[in-house]
Structure formats: structure tokens, C-alpha cells
Amino acid sequence: MSASGRMLWASEFRPDIQGMRAIAVLLVLVFHVFPASVTGGYVGVDVFFVISGYLITGILLKGAAKDQRVDYLKFYERRGRRLLPAASLALVVSGLAAFVFLPSTQWENTGWEVVASALYVENFFLYFEALDYLAADYDPSPFQHYWSLSIEEQFYIFWPVIIGVIAWVMARTRHSVVPVLGIAFGAVFAGSLALSVLYSTDDGGTYFLTQARIWELALGGLVALYRPFVKLSAGLSVVLRWLALLAILVAGVWFTSDTVFPGYAALLPTLGAALLLITGHSEKAYDPGALLALRPMRYIGDISYSLYLWHWPVVVFANALLGETPGPLTGLSIILISIVLAHLSKFHVEDRFRERPAGTGSGRSAIICLGFVAGSLAVAMCLIVPSIYSRGQAASLSLDFGNYPGALVASDPDMIVPDMPFIPRLEAVRRDNPEAYVLGCHVDQAATAPAPCRYGPEDAEHVLAIVGDSHAAQWIPALRFLAEQRDYAVHTYTKSSCEFIDEMVNGADEPYEACRDWYYNTLNALIELQPDLVITGKMTNTWIAGYTSVQDNNERAVRGFASAWQQLGEAGIPVMVIAQTPNFPFDVPDCVADHPDDPDQCAQPLEDLTQDFDAQLEAARLVPTATLVNMNDAICPSGMCRPVLGNILAFRDSHHLSATFSRTLGPALSARIVPLVEGRQLDIGLESPATPASPQTVAMATLPTGFDPGVYPGAMARIDPEFAMLAPEPLRPPLDRAFYDLPAVQRNGCHVGSGATGVSGCSIGPEDAEYVVVLAGDTFATQWYPALHDIAVFYGLRLHVRTRSRCPLLDAPMMGSDGQADPTCRAWSDATLAEIEALSPDLVITSLNWTQPLFGFNGPAAQLTGTEDALIQTWERLGDLGIPVLALASTPVFSRDPVDCLIENDARIESCSEPRRSVLPQADVLARAAETVQSATAISLNELLCIDDTCPPVIGNMVVYRSAGNLSATYAQSTSPALAAILLDALGVQRDADQPSP
């Protein structure tokens, strides 16, 4: 670089540049506050880009001309001190304000934007959000404007390197640096502009991409490079400068949100800015420089960086607080507040940290910058961590069907749902998606090939596939439930905004070619897989490319779906089509956030949330191998769609089910799938993974207990054929009273509810009885009390009752409502075990609800293993003290309340019976544990509850169940003759010779 060249880029203060900054920031500010007044105000950012490119290039060229190199450390230190303190402070303050002004549904997304902004990658974050179907309905965050700052910082990474390398090489070859830099700058400018023009039309996310924006900064760099060589007459310069200013203002007023941008359109404001920069500044009255150099303009230019940082959070928080677009007075207040914050930021933060104090090194600058960034990230974690924790909590608690039944409420309208906070919490629900999204199995709009996930065993007898858009993907958690319960394999083939249809659909108002390609690839994959059943679903709207009318669109959609399913049918693959699910006119979590004490204010009638026309319904009628099922009765019981059902928040936005709620739809969905796959009518219950362990079945022997069968033999009808032939009588208990047919101990306070910690209970029988028995466990143990009461009274046994809701007799931590170990259950269990050890009874009788989860185990299989280990540990502890255990096997759990079913079906027993396989676990955990513990015996009384392969709700003129999972006290009492034989045998009681032996 020649000596004379070193002076080409000498420092020059230009007050008009501050005026240009003022115009740029005012365009953006007014556009954000009053968008209808300056519809193209967003071009102010483009003006900033050109100015930044000009100034930064000038600084780098000046240093290169002087030292024949670029001092990178000095450059980045100055950039850091200039930009980071103010930007980080705005992040910290705005992040903390988000807790106050934004609903908790937005906290996590806001936190991730703080991270992206602090690390200067916000533009890429927003780009992928623009492509992310799940983020389409998210409200703007307070940090979206950091996308432009991110592009500038990314520009600062490679631009100094280009200049430094070229300057160093040219200095050693003693050639002029200008031509080579001009070629390099021009190549960046042309290449980036070409990308911007090519992709802006098709990809809205291009707006945020560095590679499509960097040409604007490169344009400023070209101006800085060649400005010393440009000589214009004063008259021509004035004309060009007015035209340049006019170009910026015209773009700000003329452009709209419909303008394809950046692309060609961005040339108008950026070339205007470039012309203002390349021409000489003048403060003569007829020159724009006089306007741009006015004191108010220079002041706004001085605070423009801070004003840009602070104005957008103020706009977002004001809109969140007021809930409406600001009027004139509110808008002016927003502008005033933004200017005040910018003034304070400029003079107390920017200016304070801009220069390194004398006598200090660059290390201090690094510490200051890192400290500000660390503060931003700390606030971000405060916004993100609660959501991550809540999602993990929801995943664990959703295993607790007692406290969080979710959709199971639809099968039992009288189910008593405990009063506790719903899950997932509002801060977590936005990202409460199926795991397929995290694993990459649900592909985005650009993908053309499926990326399936597989759930279930490799050697599964039955294979399912789920295919379609995100409304198909929402069923994946429910299908995983089926995979775990029945050892099915489930393969997922889902893609955003892409139904499984043999038609070219529209995507973003243009043919969705990637969806079409994905359909063909997925069809081939399914035919190769040969699943037993393909399950599909879709969002309510389907728009076919090139449709001429709504009728034409609907007809083509029907033909497209029918064609896709027909091709599968011809390959021997049946299809189950899930009808459209509710689509609310508002965001459900946000509505719940507005009504936290009464979420039902957000409830809507089902008929208002589904479209009258469903192309899938019409298509299913055309394809013999397609079956349409409607799950909305489980989502919206009694025709009302409530945001919270069974203590679970059902929707994560306006139209997608939360993954937590979807899991609870597993039994209802399985009830539709199993008959199609296995060719038998099954309503699936809560089964444990299959293992070859089963308890001993009850022997058909009885002993007297005082029970008088009469015309109501109940369980005796399963033992004595004479009773089985009795004529039908009015049911006992009556159906309208069955729910209240509780064991006496649940009415008199002997049985304690959730939360109890100390030993409590009651005892019957003589205190000096020869035999002492303890009944201990949860309600599945309590339900046998009516029979045990009669046995104890008849045979003079001493019976102690120590039972508590949702707390089996286990030496293990149970999960509480907060997802952590329930200390009350553990305390009660420990105290009860200690009392049993002190009583030293002749026998402990127990049972359990095996769906009650242990703490620290995820998934039914792990729960089963953990429960088995805990039972073994507990029983061996008692066995070591000479206390044997009699475990009564788990009883049926119906898919819906049998009493409600009987009422709705005029007491037709066959209409409400369910297959044994669907209501009983394939392997009872009590039996598995008893195989290991010598002092424990597991006995099943389910032969008294089921007939062959069917479990009816009525036996011997008695209603067997009072709810979906508990026996009626009346029927339990009728089992006493059979249970007596088992109990006395377990006690080793010597009976008279004429008494039958079990």
C-alpha cells in the first residue's frame, strides 16, 4: 500500500450521518408503534446496515492504510465495549420484565431468544422459527429486533479478515489494495444480492438470513472504499442527495408487509443511503445535510442505537399489558418512554463503557463484556428452566392416572378428580410436543423423505404406522401407550403441514412440492413396511393447488385422500382415519393464563370447533379398507371442549393436543385400534408389559360366613350352578346408588385419604383372638374389607385395617402431585410397617393399584419392575419376622365406568362387558413378587369377577363395580365364602372334616 494511499481514509466527522441514523431509527420506531402510518418503516434497518458497513469499513481501511494490517484485537475490543453493555442491559431488564408483563406460556420461548440475542444468532433463531410450523402462532417476543444486530456482529467476524488479509498481501507485493478490495467487496455484494432476490419470494425466512442481507453492509463498504475517488460538482451532489433522501422516505411510506423483501425492493432505500454517504456533506440551506445536521436530528442519531434496543420491548410489553393496538396517546407515550430509556442507556452505559480507562489492559474489556453476556444468559435460564422442569414433571405425573386422569374422565363422568394444579404448567405447554419432534422424526416443510421413529419391540407381533401432518403426530404419545401396554410396534411418518394425500396441496399459497415428494416416498416406505394398520389424521383445512372453487377443492381433496388409502388397501394395508379434532378460535393456553382460577371460561362447544365438511369422512366412504373413527367424545366429554380435563391441560395452542393429554387418550385410542388389528372387540385397559407370571386362581370352595345368597348370590353365581340359573332381579345396589356403595371403613374414617402420614385405622374382633390379621394397602386392598369383615366376625378373627388412598404398602418412595417423592405416603407406609412389626400378626393381606407410580421410574415397564422390587423388599422384611403375606391380585380396570354404561344401555350387560385381556394385566406384579418371596402367596379372585374371556358388570343380580376400577361393597361381600376358604388356609386353621377344603 503506497504512502499516499495511507491518507485516503482519514477520519472525517459527518453530522449528516447522525441525521441518517435518526431517520432510520424513527422509521422503525413509528412503524412499530403506528404500523398503518409508515407501512414500510422496516427499511430503516436497511439504512442502518449501509451506514454500519460504511463506518466499519472506513475504520478498518484507515487502520490498514496506517499499519498495513488490521489490529483484530483492538477492533473486537472496541466493538465489544461499544455494543455489548447496552445490548446486554436491555436483554437483562427486558428479560426480567417478561416475568411481569408476558404470560407464562411465552417465558421459555422468550428465554431462548435472550440466549440467541446474547450470542448474536437471533436472526437464525427467527429464520428457523419462520420455518417452524409449531412456532407459527407464537406472539412476538421482546427481542426479535436483535436479528439485525446479530447480522451486524456476524459481518464483523469475516469482514475484518477479508480486509486484513488483502491489505497484508498487497503491502508485500507493493500493489494498490483498492482494486482487489473492490473485487472482494463486489463479489460479496453481488452474491448476497443474488441470493436475496432468488429466495425472498419463496422463503419468508430469508428476511433474517445473513447471506441474504450482507450485501447491504457490503454496499456501505464499497462506498467507503471508493468515496475518496468520487468527485462531484456541488449542484449534482445536491440533486443526488435529495433524490437519495426521497428514495428512503418513499420506501418507508410506499412499501408494505406484502412487499417481497429484501430482494430487489431493498435496493431503493439502500442505494438512497449509499448516495447520501458517497456524496459530500454540506450544511447549506438547500442541501439535505442542513436538515440532517439539525441538533434534534443529531440527538436522535446519537441515541439511535439505544433507542433501537429499547423501543421494541416497550412496544411488546405495552401491547401485552393493554391487550390492544396502541391508540395515538398510548403510542406517543411508548415513544416518549423509549426515548427516555435510550437517553439513560446512551449517557450512562454506552458512553461509560465505550473507552478503556487509561492504564488498563484489554483483559478488563473482556471481563466487562463477558460479565454483561453472563448476566443476559442468567436471566435467560430463569425463563427457560421452569419450563424444562415442568415438562419433566408432567411426563412423570402423567403416569399417575389417579391424580391426573386426563381423558380417562370421559370414560367415567363421576370420577372424583382431586383438586390440584393442572399439568403441564403454562410455562411448559408450548413445547409439550411428542418426542418425535426432538428426535427429528417429525420432518419440516423442506424435507422430502420420511425419517421414522420406531417404538415397541423389534419382534412385535403387530405393527402400526402413524402418517400425516402435525395433527397425526399429536397421537404419537397415545400410540406409545399402546405400544408399551400390548407390545405393539409403532412407526411414525409425519411432516409439518403435509397430509397423507395423493394430490398437490398448497403450502404458503403455492404448490407444496416437498409435500408431494414426501407423500410418494412415504407411500413406498409403508408398502415396504407392511404394517397391520396405518393410522392417519389431519388438520381441518386442506387446500389443493390450483383449485377453482371451494367445491372443486373439496372434491379433489376427497379423491386425493381416497386414492392414497386405496393404494395402501391394494397392498393389503388397512387404514384407520382419525376425524378432525377441535380447533379453537383463540390460543387455549393464553386464555387459561388470563383465567387461571377458572379455566372453564375458555371452554367451547364441540360443534363450534369442527368444520361441517371433513374430506376424510367422505373419502372413507369410498374406500372399503378405510375406517373412520372420531375421538372427540374422549377429548370433549358431553360435547363441551374444556381446556383442562382431568387435571391436564389438553391443548398446547389453539388446535394441537398437548403430549401429556395425548398420553391419557391411549386407552380410548387403543379401544378403536385393537379390534381392527386383532380382529376382536377389545377396549384396552391399563396393562402391564407381558411376562409369564400369573397368580393362583381361586379354588371353587367355600366356607360359611353368614352370607345369605337368596336371589342375590353375587359371586356365588360363579361357584354354584344353582345360583347361576336364578332369574334376573332388580340390580343390587341400584344403579343410581352404585357409586356410593363403599366399604364401611371408607365412610367411618377408618380408611384415611391422601396426605395422611401417621398410623390410623380400626380393628374388629375379639382382642384375645387366636388369629390376628392386618389388611393394609391402598383402595385396591380396602375394597376387600366387606368380605374380610364377615369372615372375621364369623370365625372370631382379630382384623386390623390400615389403609390409605393412593399409597400401597411398599417400602419405596411413591410419586406425589409435584412429581417428587411423596413424603406423606412414605411416612405412612413406614409407620404402618413399624406397627405391623409390633403387632406381629399371623397374616398380612394386601393388594394395590399398580398404576400408582413410584418416584424415579419412567414408563410402565420401569414402573412394573420398580414396584415388583419394592414388594419383594417389603415382604421379605415381614417374612424375616415370621409374618406371612397374602396378596390379592389386581382386579379389572374398565375402559369406562360400567355403571354409566349400564345406565346408558338400559342395563344390557352384554353391551357393557369387556374382554378379560383388556381389563386385567397380562402379568400381575403381585404374582411376580410372590414367586420370589417364600413367605408370600398371591391369589387371584378374578374368576369370581370374569366369565371365561369376558368380565361383565353384573353377576348374580349384583352390580360388580361401583366405578371403573373398584368393586362395589355389596359384591365384595358376596365373595366372602370363597375368600374365607383361602384366608383360613393361609392361617393354617384346622377345620372340621365336613367342611370343604379349598
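Five cavities of 30 Å³ or more sit in this structure. A cavity here is a set of points on a 1 Å grid over the protein atoms alone, where a 1.4 Å probe fits but cannot get out; points are joined across faces, edges and corners, and the volume is the space filled by probe spheres set on the points. The second largest cavity comes to about 40 Å³. Its lining (residues with an atom within 4 Å of a point) is made up of Pro-743, Gln-746, Thr-779, Gln-783, Arg-962, Asn-966 and Leu-967. Sorted by class, that's two nonpolar, four polar and one charged, with Ala, Val, Leu, Ile, Met, Phe, Trp, Tyr, Cys and Pro counted as nonpolar, Asp, Glu, Lys and Arg as charged, and the others, Gly among them, as polar.

A word on ground rules: this is a predicted model, with local features needing pLDDT of at least 70 and side-chain atom pairs pLDDT 80 or more, while totals for chains, interfaces and linings use all residues. Numbering starts from 1 along each chain as its sequence is written, and side-chain values use heavy atoms, leaving out hydrogens and water.

Now the cores, meaning sets of buried Ala, Val, Leu, Ile, Met, Phe, Trp, Tyr and Cys residues joined through side-chain atoms within 4.5 Å. Buried is under 20% relative accessible area, exposed over 50%, and partly exposed in between (1.4 Å probe, protein chains only).

| Nonpolar core | Size | Residues include |
|---|---|---|
| Largest | 119 residues | Trp-147, Ile-163, Leu-309 |
| Second, separate | 59 residues | Leu-426, Val-490, Leu-645, Ile-673 |

Trp-147, Ile-163 and Leu-309 have the most contacts inside the largest core. Skipping residues up to four places away in sequence, Leu-309 touches Ala-86, Ala-87, Ala-90, His-145, Tyr-146 and Leu-149, a contact being heavy atoms within 4.5 Å.

Next, Thr-279. This residue is buried, at 1% relative accessible area. Setting aside neighbours within four places in sequence, Thr-279 contacts Arg-14, Arg-227, Leu-232, Ser-237, Leu-240 and Arg-241. Leu-236 is 43 residues away along the chain, yet its C-alpha is 9.3 Å from that of Thr-279.

Finally, the whole thing: of 998 residues, 59% count as buried. The C-alpha atoms fill a box of roughly 130 × 70 × 60 Å along the principal axes. Among contacts between residues at least 6 apart in sequence, 81% join residues at least 24 apart.

Technical notes: 1 Å grid on protein atoms, 1.4 Å probe; cavity = no way out; pocket = protein on both sides within 12 Å on 5 of 7 lines; lining within 4 Å.
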